[in-house]
Amino acid sequence: MKSRRLKQLGQGMTEYIIIVALIAISAIAVYNIFGDTVRGQVGDMAAELGGGDGIAAGAAGAGNANAEAAADYTLTDFQQDE
């Protein structure tokens, strides 16, 4: 009877570990997709907290984003940076 209860506790812990691993994998994937944007925003915030001006870097990033959004891409334009 007692060993059956221990198996159920182990099963719950295994499910918890699987859920935590899936969340970690998805967080890594999101960071890889949006990493440059997040890095730029964190850099701007750090500059502003340090007494600098983070608006100039953010404005340049917005200009680049608008130019990228206006560009017409096909699969032949795809390049993966590694």
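Biologist: How much accessible surface does the chain have, and what share of it belongs to carbon and sulfur atoms?

Modeller: This is a predicted model, in which local features need pLDDT of at least 70, side-chain atom pairs count only at pLDDT 80 or more, and totals for chains, interfaces and linings use all residues. Side-chain values use heavy atoms, with hydrogens and water left out, and residues are numbered from 1 along each chain as its sequence is written. By the Shrake-Rupley method with a 1.4 Å probe, where for residues only the protein chains shown count as cover, the accessible surface comes to about 7500 Å², and the share of carbon and sulfur atoms is 63%.

Biologist: What percentage of the 82 residues is buried?

Modeller: Buried means under 20% relative accessible area, whereas exposed means over 50% and partly exposed lies in between (1.4 Å probe, protein chains only). Of the 82 residues in the chain, the buried ones make up 4%.

Biologist: Which helix holds Met-45?

Modeller: Helices (H or I, at least four residues) and strands (E, at least two) are DSSP runs, numbered from the N terminus. The chain has zero strands and two helices, and Met-45 lies within residues 2-49, which form helix α1.

Biologist: Which residues meet in the salt bridge?

Modeller: The structure holds one salt bridge, a term for a side-chain nitrogen of Lys or Arg within 4 Å of a carboxyl oxygen of Asp or Glu. The two partners are three residues apart in helix α1, and therefore about one helical turn separates Asp-36 from Arg-39. Asp-36 counts as exposed because its relative accessibility is 62%, while Arg-39, at 47%, counts as partly exposed. With 3.0 Å from N to O, the side chains that meet are those of Asp-36 and Arg-39.
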